Amino acid sequence: VKHNLPPLHYHDYLKLDAILNSQKTRSKEIGHEAHDETLFIIIHQVYELWFKQLLHELSSIHNIFVTNKVAETHMGLIVARLERMGEIFKLLIDQIRVLETMTPLDFLDFRDFLFPASGFQSFQFRRLEVLLGLKSKQRLPFSSQPYTAALRSDQSKELTQLEEGPSLFDAVEDWLERTPFLNLADFDFWNLYRTAVSNMLRTDQQTVTSYKELGPEEQARNIKIIHEAEQMFKALFDEQEFEKSRLNGTWRLSMKALHAALFIQVYRDQPVLQQPFRLLMALINLDELFTNWRYRHAVMAKRMLGTKIGTGGSSGSDYLTASADQHRIFQDFNRLTTFFIPRSQLPVLPSTIERELGFYYSAK
Ligand code: HEM
């Protein structure tokens, strides 16, 4: 492409004057420079830059979902970008080790000067959570205030609006609901699948009752878990029961979307389902990596703080550890795994359906 842009210097292109002059330590301002405060600042800045890149990827994925209704040709791009996000998260997890070369005592050389600044105020982090699909009502209460109270007022307003719009979770739910292969005329797939799962759960129960090494309490506990799984599975096929289980938080996706996710995963060997399957895997990986970051950060906070409260006023590492599980977004995909059955027991697809699911050129 022809252009009239002037020649460029490396420093100007990367705005290095601004970036490299942005590490002002509070300890130096006070006259007792703490050596490790520079590391502390740079690590946080690097995180914020990566958050920016993650948001860049996420909003492009969002646009593809919204504007293209995810034509097959875009699926590869979405998966590639989700995978890139996953790779970035791996870096974010690894970076914690660099920060841990700072000892808790070194941290105390400047920690008091930071109060009440905290990662809790990271707007980009909150945008990431909200755009992925974390809702306010799902969040662990942090204090009597909503989480947005810690942010600047313009940012808090923007986040509230963002939460009202569609998230990646919503886009994925929509896409799953549009999966075309669920209406399998002449083939009562769901009834066959239900029977196969019931048989599997019954076998599980027999295994537990015949396993004499288990004490009566352990046995009762395991059987209760199996019964709960049975109820959860039944609710997947009964509109009213399903709505109840959605209200009590067991499931978040719609019934139709869950059916699609189950179908895609158990029949993933069918050629046409491979890309959708990769998309689900990329989402599961991303959710898992995000959760790993939360745990890793919580463990680091424990090492640095012990049981001290955070500079942002939370209970510190206890809050962080609990939020790791509570703030998962695509948890439904993990719950669904309970109802996977071995390939050998899957209902055999009639050849008419198998042909539809195959790539055209390979259809018999
Ligand atoms: C010495 C190192 C660190 C310690 C001791 C620490 C500790 C904490 C604590 C206790 C909280 C809970 C809120 C509060 O009470 O302040 C928190 C939240 C947070 N921190 Fe850190 N942190 C450290 C480094 C980092 C780094 C390098 C990042 C990277 C951006 C980060 C990002 C966050 C985020 C995003 C939250 C909000 C998490 C949530 O509410 O789910 N922290 N941190």
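1. Across the 364 residues of the protein, 43% count as buried.

2. A word on what you're looking at. This is a predicted model, in which local features need pLDDT of at least 70 and side-chain atom pairs count only at pLDDT 80 or more, while totals for chains, interfaces and linings use all residues. Residues are numbered from 1 along each chain as its sequence is written, and side-chain values use heavy atoms, with hydrogens and water left out.

3. Now the overall build. The secondary structure comes to 17 helices and zero strands. Both are DSSP runs numbered from the N terminus: helices are H or I runs of at least four residues, and strands are E runs of at least two. The C-alpha trace spans about 80 × 70 × 35 Å along its principal axes.

4. How many aromatic pairs does a search of the whole structure find? The search turns up 23. One of them joins tryptophan 190 and tyrosine 193, whose ring centres are 6.2 Å apart with planes at 75°, so the pair is edge-to-face. For the rules, rings of Phe, Tyr and Trp (its six-membered ring) pair if their centres lie within 6.5 Å; planes under 30 degrees apart are stacked, over 60 edge-to-face, and the rest tilted.

5. Stay with that pair for a moment. Tryptophan 190 and tyrosine 193 are separated by about one helical turn because they are three residues apart in helix H10 (residues 189-210). Tyrosine 193 is buried at a relative accessible area of 0%, and tryptophan 190 is buried too, at 14%. Tryptophan 190 also pairs with phenylalanine 237, with ring centres 5.7 Å apart and planes at 50°, so this one is tilted. Tryptophan 190 lies in helix H10 and phenylalanine 237 in the loop between helix H11 (216-235) and helix H12 (239-247), so the pair ties together parts that are 47 residues apart in sequence. If you zoom out, ring pairs link Phe189, Trp190, Tyr193, Phe233, Phe237, Trp251, Phe263, Tyr267 and Phe339 into a cluster.

6. Rings meet charges as well. Arginine 139 has its charged end over the ring of tyrosine 147, 3.7 Å from the ring centre. Arginine 252 does likewise with phenylalanine 169, at 3.8 Å from the centre. To count, NZ of Lys or CZ of Arg must be within 6 Å of the ring centre and within 35 degrees of the ring normal.

7. Which protein residue is the donor to the iron atom of the ligand? That is His297, whose NE2 is the single donor from the protein, 2.1 Å away. Donors are N, O and S atoms within 2.8 Å of the metal (3.2 Å for Na, K and Ca), and sites may look incomplete, as water is not among the atoms. Histidine 297 is part of helix H14 (residues 274-305).

8. On to salt bridges: the structure holds 18, each being a side-chain nitrogen of Lys or Arg within 4 Å of a carboxyl oxygen of Asp or Glu. Glutamate 57 and arginine 84 form one, at 2.9 Å from N to O. Glutamate 57 lies in helix H4 (residues 37-68) and arginine 84 in helix H5 (residues 72-99), so their contact ties together parts 27 residues apart in sequence. Glutamate 57 is buried at 3% relative accessibility, whereas arginine 84 is partly exposed at 46%.

9. Other bridges run between sequence neighbourhoods. Lysine 244 meets glutamate 241, with closest N and O atoms 3.1 Å apart; both are in helix H12, three residues and about one turn apart. Lysine 244 is exposed at 51% and glutamate 241 partly exposed at 35%. Arginine 268 bridges to aspartate 269, with closest N and O atoms 3.8 Å apart. Shared partners also join Arg126, Glu129, Arg139 and Arg294 into one salt-bridge network.

10. Last, the surface. Leu8, Tyr10, Tyr13 and Leu14 make a nonpolar patch of about 490 Å². Patches take residues with over 30% relative accessible area and no salt bridge, joining like charges within 9 Å and nonpolar side chains (Val, Leu, Ile, Met, Phe, Trp, Tyr) within 5 Å. Areas come from the Shrake-Rupley method with a 1.4 Å probe, and for residues only the protein chains shown count as cover. Tyrosine 10 sits in helix H1 (residues 10-13) and is exposed, at 57%.

Methods:
Buried means under 20% relative accessible area, exposed over 50%, partly exposed in between (1.4 Å probe, protein chains only).
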